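This briefing looks at how two parts of one protein meet. Please read it alongside the sequence and the coordinates.

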Amino acid sequence: MGKVWIDGKLVDQADAKVSVYDHGLLYGDGCFEGIRAYDGRVLKLRSHLNRMYGSAERIRLKPAYRPEQIDKAIRDTLNANGMRDAYIRLIFTRGVGTLGLHPFRCPVPGTIVITDKIQLYPPELYENGMKVIVAKRPRIPIACLDPAIKSLNYLNNILAKIEAIEADVLEAIMLNVDGYVAECTGDNIFIIKNGQIATPSAEAGILHGITRQFVLNEIAPEMGFEVTEKMMKLDEVLNADEVFLTGTAAEIIGVNQIDDRTIGNGKVGAITKKLAQEFRKRVTKNAPED
Ligand code: PMP
């Protein structure tokens with residue numbers, strides 16, 4: 001049976017349980033990361049740990065373990081499960097407390113590492129492009145709960161995901177309350193127009209995706225593409241030559257239709273294909289852990 005790491009111990013999956021008094025369950029009070037291992041290397045682990053500890057700090061959660069200990073816990077869990085390729089879920093919960101909201105009455109935060117099989121979108125979507133919708137529900141504003149905090153409370157995204165599922169697609173573009181494009185329910189978004197790559201800037205209210213950063217700061221510029229971060233209205237996305245999404249689970253996936261509008265020629269764009277190929281190359285052999 002698979003093992004899960006909870007609070008310093010590797011336990012059988014069936015015994016991996018949290019208390020009904022954990023504020024992670026009662027209030028979605030906590031934070032998490034989705035990470036990938038490729039052939040035994042943990043892609044961008046340093047960046048994921050930085051974001052995780054950043055999320056924790058912003059919700060005033062004092063982690064029970066140091067980043068080096070979490071690094072080891074992740075590798076121990078992968079080893080215990082004999083996995084070299086995996087999706088890794090790291091979770092900090094507020095911990096066990098009373099039924100009241102008060103977060104500081106939960107003395108010990110919970111720490112969980114799960115390693116599981118990778119759940120990608122269906123392969124044919126990578127080949128032919130993916131259809132998405134524009135969610136009617138806006139992304140929660142920075143002033144209310146900054147989407148840069150990867151909090152355990154994902155209901156804003158889940159409600160938009162339900163809109164997508166009810167429209168028979170798997171992902172939804174979310175606008176912010178001012179009508180600017182922010183991100184998708186579990187992926188960041190990029191557009192390409194006349195060879196220029198652009199992605200919504202952080203001020204639109206987005207999760208600062210690790211895959212987004214990888215494309216923005218390393219893959220695209222090193223391939224000679226110019227990339228800009230900017231505020232964009234939906235029109236700009238609908239009129240783009242190419243649109244693609246990035247995420248730890250999704251990697252890079254082309255979008256060929258948004259609502260009833262065909263993007264480009266209705267296939268995965270040429271530059272998107274090149275970026276996706278380069279991404280694959282960089283993660284399959286000696287994936288960077290920085
Ligand atoms: N936006 C949201 C809301 C997400 O949940 C995710 C997935 N964690 C992303 C973007 C993509 O981020 P990353 O590349 O770090 O997985």
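Domain bounds here come from an automatic or database domain assignment, and on that basis the protein is divided into domain 1 (3-116) and domain 2 (123-284), whose C-alpha centres lie 26 Å apart. This is a predicted model in which local features need pLDDT of at least 70 and side-chain atom pairs count only at pLDDT 80 or more, whereas totals for chains, interfaces and linings use all residues. Residues are numbered from 1 along each chain as its sequence is written, and side-chain values use heavy atoms, with hydrogens and water left out.

**Extent of the interface**
- The contact (heavy atoms within 4.5 Å) takes 25 residues from domain 1 and 21 residues from domain 2.
- About 1800 Å² is buried between domain 1 and domain 2, with carbon and sulfur atoms giving 63% of that area; buried area is the accessible area (1.4 Å probe) that two parts lose on being put together, summed over both.
- On the side of domain 1, the residues that lose the most area to domain 2 are Phe32, Tyr38 and Arg51, which together account for 33% of what that side buries.

**Charged pairs**
- Between domain 1 and domain 2 the count is 3 salt bridges, each being a side-chain nitrogen of Lys or Arg within 4 Å of a carboxyl oxygen of Asp or Glu.
- Arg58 forms a salt bridge with Asp146, and their closest N and O atoms are 3.0 Å apart.

**Elements on the domain 1 side**
- With helices (H or I, at least four residues) and strands (E, at least two) taken as DSSP runs numbered from the N terminus, α1 (23-27), β3 (30-38), α2 (45-58) and β5 (86-93) each supply at least two residues of the side of domain 1 that touches domain 2.
- The most is given to that side by β3, with 8 residues.
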